[in-house]
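Subject: Structure for your review

Dear colleague,

Please find below the structure that I am handing over to you, together with its sequence.

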Amino acid sequence: MEPWRRELAAAVTDPAELLELLGLDPGLLPGARAATAHFGLKVPRSFITRMRPGDPHDPLLRQVLPLGAETLETPGYGADPVGDLAALRAPGVLAKYRGRALLMTTGGCAVNCRYCFRREFPYDSGALTPTRLSAAVAELAALPGLDEVILSGGDPLALPTARLARITAALAGLPGLRRLRLHTRTPVVLPARVDELLLGWLRGLPWPVAMVVHVNHPRELSPELRAALAALAGTGARLLNQAVLLRGVNDDAEVLAELSAALFDAGVLPYYLHLLDRARGTAHFEVPAAEAVALHGELAARLPGYLVPRLVQEVEGAPAKLPVTGLG
Ligand SMILES: *Cc1c(COP(=O)(O)O)cnc(C)c1O
Ligand code: SF4
C-alpha cells in the first residue's frame with residue numbers, strides 16, 4: 001500500500017483524540033459528539049500538526065472541529081443547497097453548465113470539512129463501480145458540446161491512483177474531450193498524496209490538465225504542500241485555487257490578501273472565492289453577501305487583478321457560478 005494510504009487510514013476520527021492532541025477544553029466534547037452523529041470527524045494527523053495547540057479558534061482547526069452549533073436547524077439551510085440532486089444525469093454525472101460536467105468519482109475525502117455543501121449528499125447510491133463508470137461515460141458522451149470533464153467527489157485524490165487511471169482510460173473514449181480538470185483538497189491536508197505514481201499518471205494524460213486545489217487560509221501552505229504543488233506544476237498541470245469564505249477562518253482582508261500572495265508564491269492562481277452554500281449545520285460559518293462584497297472590494301484595492309479571486313455563489317438553475325453583488 002502506498003504510504004499516503006496508510007497515513008489516511010490513520011486519520012483522527014474520534015473528537016476526544018483531536019481535543020487531547022491539541023490540549024483543548026474537554027468541555028467541547030459533548031457538542032462535538034452530537035455533531036459527528038450527522039457527519040463524522042476525519043482529519044489527517046499531518047494537518048493537525050499545523051494547528052496551534054491550545055487555541056480553539058485556530059483557523060485550520062475551525063474547518064474540521066465538529067461543534068454543537070451544527071445541530072441547530074436554521075431556516076434556509078438544507079440537505080441539497082445547490083440543487084445537485086436535480087442535476088444528476090446518471091449515477092456520478094452532474095451536468096449544470098455548458099461544455100463541462102462533473103464526474104463524481106467517490107464519496108470519500110481525505111478530510112471532512114464542517115462547512116461542506118455535500119455533507120448530506122447520498123453518495124452511496126452513486127459510487128462509481130466499473131458498470132457505473134461505463135454508464136457515466138455513455139452519459140458524458142451524450143452531452144452536447146462537452147469538452148471538459150471535471151473529476152470531483154468527494155475528492156478524486158482520495159482514490160488510489162490505479163482507480164483514477166481506470167477512470168481516465170474510460171474517458172479517453174470521449175472524442176470531444178479537450179481538458180481534464182480535478183477538484184481536490186487532498187494535497188492540502190495530506191501532501192504525501194502527491195507521490196511518483198500520481199505524478200506519472202498526470203504526466204501520461206492525453207489532455208491538458210487543470211487542477212483546482214482548495215486552500216482557505218495561508219497557514220495551510222506548509223513547506224510540504226508547497227513542494228507537492230511544485231511537483232504537480234512540474235507535470236504541466238495548471239494550478240488554480242478555490243476557497244470558501246468562512247466566518248472565523250478567513251473573513252479578513254489581510255488574511256485573504258496573504259492567501260493570494262502565498263498561493264502565487266507556490267505557483268497557484270486564485271480562481272474562486274465562494275460564498276458558503278447553505279448546507280444544514282453550517283450556518284455559523286456564514287459571512288453575509290454585503291460583508292463579502294466589502295471584503296472583496298478591499299482585496300481588489302490591495303492586489304494586482306490576477307491575484308483577486310472571483311467572488312461567486314452557486315444559484316440553482318443559473319448557467320454559471322454567479323458573481324456576488326451584495327444586492328439581494
Ligand atoms: C462548479 C461546477 C462546475 C465548474 O464551474 P466553473 O465555473 O467552470 O469552474 C461544473 N459543473 C458543476 C456541476 C459545478 O457545480
Ligand atoms: S474536501 Fe471538499 S468535498 Fe470533501 S469534505 Fe472538504 S469541502 Fe467537502
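I begin with a single residue. Gly23 is exposed, with a relative accessible area of 58%; the cut-off for that term is over 50%. Gly23 belongs to the loop that lies between α2 (15–21) and α3 (29–36). In sequence, Gly23 and Asp55 are 32 residues apart, while in space their C-alpha atoms are 8.4 Å apart. Please bear in mind throughout that this is a predicted model.

The sheet

The model contains an open sheet of 10 strands with mixed pairing, in the order β1-β2-β3-β4-β5-β6-β7-β8-β9-β10. Its edge strands are β1 (88–90) and β10 (322–323), each of which pairs on one side only. As a general point, the strands of a sheet pair through backbone hydrogen bonds, either parallel or antiparallel.

From β5 to β7

Strand β5 (residues 179–184) and β6 run parallel and are joined by 5 bridges. Within this pairing, His183 has Val212 of β6 as its bridge partner. Strand β6 (residues 209–213) is in turn joined to β7 by 4 bridges, and these two strands also run parallel. Here Ala210 has Arg238 of β7 as its bridge partner. Together with helix α10 (residues 223–234), β6 and β7 make a right-handed β-α-β unit.

Is strand β7 enclosed by the rest of the structure or open? Of the 7 residues of β7 (residues 238–244), 5 are buried, so this strand is largely enclosed by the rest of the structure. The cut-off behind the word "buried" is a relative accessible area under 20%.

Strand β7 is joined by 5 bridges to β8 (residues 269–274), and the two run parallel. Leu240 stands opposite Leu269 in β8, and Asn241 stands opposite Pro270 in β8. A right-handed β-α-β unit is made by β7, helix α11 (residues 253–265) and β8. Strand β8 is likewise largely enclosed by the rest of the structure, because 5 of its 6 residues are buried.

On to the next pairing: 3 bridges join β8 to strand β9 (residues 310–313), and these strands run parallel. His274 has Val312 of β9 as its bridge partner. Between β8 and β9 the chain passes through helix α12 (residues 289–302), and this β-α-β crossover is right-handed.

The site of ligand 2

Where does ligand 2 sit? Ligand 2 is found in the largest pocket. The residues around ligand 2 are Cys109, Val111, Cys113, Cys116, Gly154, Arg185 and His214. By class, the shell around ligand 2 divides into 4 nonpolar residues, 2 polar and 1 charged.

With kind regards

Technical notes. Residues are numbered from 1 along each chain as its sequence is written. Chains are lettered from A and ligands numbered from 1 in the order in which they are written. This is a predicted model: local features need pLDDT of at least 70, side-chain atom pairs count only at pLDDT 80 or more; totals for chains, interfaces and linings use all residues. Side-chain values use heavy atoms; hydrogens and water are left out. Buried means under 20% relative accessible area, exposed over 50%, partly exposed in between (1.4 Å probe, protein chains only). Two strands pair if DSSP finds at least two bridges between them. A crossover is right-handed if, with the strands pointing away from the viewer, the path from the first strand over the helix to the second runs clockwise. A residue is near a molecule or strand if one of its heavy atoms lies within 4 Å of it. On a 1 Å grid over the protein atoms alone, a cavity is a set of points where a 1.4 Å probe fits but cannot get out, and a pocket is an open set with protein on both sides within 12 Å along at least five of seven lines; lining residues have an atom within 4 Å of a point. A molecule sits in a cavity or pocket if more than half of its atoms lie within 2 Å of its grid points. Ala, Val, Leu, Ile, Met, Phe, Trp, Tyr, Cys and Pro count as nonpolar, Asp, Glu, Lys and Arg as charged, and the others, Gly among them, as polar.
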